[in-house]
Amino acid sequence: MNRYIKITVIFIVSLVLVNCSEDAVDNLAKGTLTGIVVTNGTNLPLENVKISTNPSSSTVFTDAQGEFIIEDISVDQYSVQAELDGFLSGFEAAEVTEGSTVNVVFELDVETANNRPPTTPILITPADNAIDIPLDTQLVWSSSDPDGDEISYTIEIRNNFDEEVLSFSTVNDTMVDITGLRFGLKYFWQVGAKDTVNEDVIQSEVSAFETINAPENRHVFVRKIGGNNVIFSVDTSGNELQLTSSSSNSYRPRQNTVANKIAYLSNSGSETHIFTMDLDGSNVQQITSQVQVNGFDLEEIDFAWTQNGGRILYPNFDKLYSINVDGTGLFEVYQTTDASLITEVSISADESITALKTNDISGYNVSIFTIDGSGSVVDIVLSGVSGAAGGLDISVNNQFILYWYDVSGFESSNYRQLDSRIFLYTRSDGNVDDLSDDKVAGTNDFDCRFTPNEAEVIFTNTSNDGVSQHNVLITDTDPNDAGFTRIVFVEDGEMPDFE
C-alpha cells in the first residue's frame, strides 16, 4: 500500500513539473509588432503618438515618420491603441505569432471629426419679398449649433441696381441693424453661419425685400452734428431725411428741379469742391476739380445753379468761374477790378444778369451788384456801408433782388452780426423794403431765399450771441400785407433752400 501511494505521488509531481515546463517554453515565444500612424484624409505622419497594448506590453512613441516598433513582444492576440492630444484615439487588432513581424496602420481623426456644423440659418425679418422697408432696418434670422459651439455669422446684401455689396458680421447674435439703404431698391440678403470647429460656412437661402420710395421733399437745410454740417431734406409735415453723412462736412445745398439733383459744398482732401447728389442723397458726383471753391470764409461762400441745370457758377477769391454739371467746360466768367473777393453769386432764370457779393479778406467793405453777360455792372444794390451782408437771390422776373444786411454796421474779427435783416431790392426804382420788421430784437435774419411762388422768403434766424441754435423760418415778401407772419419751419437748421 505504501508503495502504491509513493508511486501515485511521484506521478502527480512529475505531471506538475511537465506542465510547468511547457508554460515556460510557451512564454519564451516572441514576435515583433510594428506600425505607422498618419492623419486620416491627408496621410501625414504623426510624431510622438503613444502606442500601448492590451494585454500590456512595452509602451512606445512614434518617430518623426510616424513609425513605431515593439520588439520581443510575447506571442498573443492584442488590441493596440494609438493616443495623441488633439486626435481621437485609434484601436487596431494584432495577432503576434512566434518569430513573425506584425504591422498595423493607424489613421487618426482629429478630435473634432465628429463635431457637427451649425444648422442652416433661416431668414425671418424682413419677410421674403417684403415691401416698403425703411432705409434703417433690422435683419433677423435663426440658427443654432448642435454641439454648442460659438457661431459667427456673415451677412451679405446686394441690390438690383448696381454692384454695391454691403457686408456685416456678428458673433452669437442672430440680428443686425442696417443703416444707409437706398430708396426704391430691391435688396437680396443671405446669412452664412460658421462655428469654431468646422471649416465649412453654412449658407442660408436668399431672401429679398424692397425699400420705401424716395419722398418728394422740396425743402433742404443744414444741421450741425458733431461739428460737421450735414444736409437734410424735409417735407411740409416736418418729416426729415438725412442726405449726407455725419462724418463729413457738407453744406450750402442748392436744388435744381430740371436736373432733379442737389448741388452742395463739401471737402475733398484739404480742398472744398462742389458735389451733386440725387434727391435721396445717392449717386454723389464731384463736379469741380482743377479750381476749388475758395474765399475769405468757406461757410459764407455760395454758388449758383443755372435754371436749366446745365452749369454752376462759383467763386474762387476774386474770380467767378462757370463749369458744366458733368465737370467739363470750366472757364472764367468774371474777375473783380479792385481785387475784392467774390463770396456769393446768383444768376437770373434767363441768365441775363448775375448778382455778386464782394468783400475784403475780413468779409467787410461789402458790395452787392449785378452784371450782364459781358461783365458790365448793371445795378448797385448795396455799397459803401459798414458791416456784413449776403444772401443773394434774384426773382424769376428779374425785378427783385433779395439780400440780408447787418444794419448795426458792426464789424469784428469773428464776423459776428448784431442786427442782420432781410431786404428786398426793386431794380426798377431802387426801392428797398425791410422784411425783418417783426423779427425778435437781438436776433439775426440771414441766408435768405425766395420760395418757388416768391410770395414768401425762407431764411435762417438766430440770436446775435453767436452761439445759440439756428432755426429756419418762412415769412412774406410783402411787408404791407396785413397777414404778414414769421413761421418757424425747421428747428435747429440753417442754410435753407426751397425749389
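**Reading strands and rings in a predicted model**

Trainee: In which sense do β30 and β31 pair, and over how many bridges?

Mentor: Strands of a sheet pair through backbone hydrogen bonds, and the pairing may be parallel or antiparallel. Here, β30, which covers residues 367-371, pairs with β31 in the antiparallel sense, over four bridges.

Trainee: In what order do the strands of the open sheet stand?

Mentor: The sheet has four strands in the order β28-β29-β30-β31, and their pairing is antiparallel. The edges are held by β28 (341-347) and β31 (377-382); each has a single partner strand, so one side of each is left without a neighbour in the sheet. On average, neighbouring strands of this sheet are turned by 25° against each other, with direction ignored.

Trainee: I would now like to turn to the rings. How many aromatic pairs does the structure hold?

Mentor: There are 10 aromatic pairs. One of them joins F68 and F106, whose ring centres are 6.5 Å apart, with 45° between the planes; this pair is tilted.

Trainee: Is F68 buried or exposed, and what of F106?

Mentor: A residue counts as buried when its relative accessible area is under 20%. F68 is buried, at 5%, and F106 is buried as well, at 1%.

Trainee: What form does the aromatic pair of Y187 and F209 take?

Mentor: Planes under 30 degrees apart count as stacked. Y187 and F209 have 20° between their planes and 5.7 Å from centre to centre, and their pair is stacked. The pair links distant parts of the chain, with Y187 in strand β14 (residues 186-195) and F209 in strand β16 (residues 207-211), 22 residues apart. Y187 is buried, with a relative accessible area of 1%, and F209 is buried at 1% relative accessibility.

Trainee: Which residues form one aromatic cluster?

Mentor: That cluster consists of F296, Y364 and Y415.

Note on methods. Residues are numbered from 1 along each chain as its sequence is written. This is a predicted model: local features need pLDDT of at least 70, side-chain atom pairs count only at pLDDT 80 or more; totals for chains, interfaces and linings use all residues. Side-chain values use heavy atoms; hydrogens and water are left out. Rings of Phe, Tyr and Trp (its six-membered ring) pair if their centres lie within 6.5 Å; planes under 30 degrees apart count as stacked, over 60 as edge-to-face and the rest as tilted. Buried means under 20% relative accessible area, exposed over 50%, partly exposed in between (1.4 Å probe, protein chains only). Helices (H or I, at least four residues) and strands (E, at least two) are DSSP runs, numbered from the N terminus. Two strands pair if DSSP finds at least two bridges between them. Axes are lines fitted to C-alpha atoms, for helices over the stretch in contact, and angles run from 0 to 180 degrees between N-to-C directions.
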